[in-house]
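I opened my notebook to look up a few things in one protein model. My entries follow, in the order I made them.

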Amino acid sequence: MNVLEEGRGELLAWMDPDDARDWMATRKSRYPIEKLMPLREAVSKFTFDGGYLAMGGFGHVRVSIAGIYEMIRQGRKNLAIAGKTAVHDVDVLIASGVVDRVECAYSFGHELRGLSPAGRRAVETGKVKVLAELSNAAFQWRFKAASMGLPWLPARVMMGTDTFRHSSSKTVEDPYTGKPICLIPACYPDFAFIHVHRCDKYGNAQIDGTVIEDRELAMAAKRLILTTEEIVSEDEIRDAPDRTVIPFFMVDAVCEVPYGCHPGNMPLLYYSDEEHMAEWLSLSRSEDGVKKYLDKYVFPVSDFAEYVALVGGEKRMDYLRRLERLEEPLTAPWARKG
């Protein structure tokens with residue numbers, strides 16, 4: 001195959017798909033065994049310093065903040081992260097010293113809420129390195145290639161752009177048409193967190209609303225930790241098999257963590273906590289402010305349930321639930337008036 005151009009970005013989390021198949025076959029059970037465990041145990045058992053981390057969800061929506069805060073408490077270091085559309089998750093992981101390398105599609109901004117002071121400061125000072133760039137679609141196709149057992153996926157994206165030049169992709173001459181086509185390398189994260197609406201004790205998981213690329217991420221990740229709003233019976237899962245997005249044999253740990261996305265949004269259950277995010281964005285403008293946030297919300301609690309109580313408990317969550325159901329007017333600073 002004639003290679004026309006190669007991106008200069010570092011190739012992260014790639015492996016020969018046959019080696020990946022062997023890895024999964026020898027280290028992941030194909031039997032429906034119970035995988036319930038405290039999140040603290042799951043993070044201790046299935047994450048490690050220096051690994052490549054990917055988060056399910058998208059932006060501030062359905063991201064396992066519970067998993068992130070537990071990694072901070074356990075002092076994980078030197079992680080690379082898939083910054084596919086990473087906002088509060090990558091920002092707080094960088095600020096706390098957990099992440100020092102980013103493969104970036106969209107990072108260092110909180111969408112309409114503003115830029116990420118902590119993440120941008122870390123990159124500008126060299127504390128954190130951006131090792132490669134991709135478009136959002138290309139990043140999701142890295143996981144899709146891995147889920148299909150392919151070393152790469154061809155696509156007509158990024159070619160002729162600076163994004164391609166900073167990626168780890170290659171442009172080749174298509175053997176059928178003779179035209180240029182981009183090859184996007186597969187991505188096999190060392191560990192991933194996905195937050196779901198419900199699952200059973202074996203890890204059969206259902207997601208309400210958009211799935212994003214979480215099905216493909218679940219298939220690509222070497223280790224998968226599910227955090228879930230609730231544990232339901234196997235019978236309830238079997239009653240609606242078409243809704244099961246992630247089957248048990250992809251899952252390594254199941255952790256029941258109600259409100260595990262806070263301060264982000266869990267579709268149909270609770271809205272994002274805009275006041276809390278505003279507090280983070282204000283404090284994270286300085287290293288002292290970052291320390292103040294972590295010392296207030298992360299380090300003094302033993303688990304996410306204590307964190308939820310600290311940020312307002314059921315009263316606060318009931319308010320966010322009403323916001324999500326459009327039963328309460330939104331009063332965030334950026335919300336449209338009148």
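Which residue in β8 is the bridge partner of Pro154? I looked it up: the partner is Leu183.

**Ground rules.** I am working with a predicted model, where local features need pLDDT of at least 70, side-chain atom pairs count only at pLDDT 80 or more, and totals for chains, interfaces and linings use all residues. Residues are numbered from 1 along each chain as its sequence is written, and side-chain values use heavy atoms, with hydrogens and water left out.

**The sheet.** I noted how elements get their names: helices (H or I, at least four residues) and strands (E, at least two) are DSSP runs, numbered from the N terminus. Two strands pair if DSSP finds at least two bridges between them. I found an open sheet of 4 strands in the order β1-β7-β8-β6, with antiparallel pairing. β1 (3-6) and β6 (152-155) stand at the edges with a single partner strand each, so one side of each has no neighbour in the sheet. Neighbouring strands here are turned by 30° against each other on average, direction ignored.

**Strand β6.** I counted the links to β8 (residues 180-185): 4 bridges join this strand to β6, and the two run antiparallel. Next I looked at the faces. In a regular strand the side chains alternate between the two faces of the sheet. In β6, Leu153 and Ala155 form the covered face. Trp152 and Pro154 form the uncovered one. Helix α6 (residues 136-147) lies across β6 and β8 and runs at about 135° to β6. Axes are lines fitted to C-alpha atoms, for helices over the stretch in contact, and angles run from 0 to 180 degrees between N-to-C directions.

**Helix α4.** Are the residues of α4 buried or exposed? I wrote down the cut-offs: buried means under 20% relative accessible area, exposed over 50%, partly exposed in between (1.4 Å probe, protein chains only). In α4 (residues 88-95), 8 of the 8 residues are buried, so the helix is largely enclosed by the rest of the structure. His88, Asp89 and Leu93 are among them. After α4 comes Gly97, with a positive phi near 85°.

**The largest pocket.** A pocket, on a 1 Å grid over the protein atoms alone, is an open set of points where a 1.4 Å probe fits, with protein on both sides within 12 Å along at least five of seven lines; lining residues have an atom within 4 Å of a point. I read off about 350 Å³ for the largest pocket. Of its 17 lining residues, Met24, Arg30, Ala146, Ser147 and Met219 are the closest to its centre. α1 (17-27), α6 and α8 (214-220) each supply at least two lining residues. The largest share, 5 residues, comes from α1. By class, I found 11 nonpolar, 2 polar and 4 charged residues in this lining.

**Lys222.** My last stop was the loop between α8 and β12 (224-228), where Lys222 is found. Lys222 has 15% relative accessibility and therefore counts as buried. I then listed contacts (heavy atoms within 4.5 Å). Leaving aside neighbours within four places in sequence, Lys222 is in contact with residues including Trp23, Met24, Tyr188 and Asp252. Met24 is also one of the residues closest to the centre of the largest pocket.

Methods:
Points joined across faces, edges and corners; volume = space filled by probe spheres on them. Nonpolar A, V, L, I, M, F, W, Y, C, P; charged D, E, K, R; others polar.
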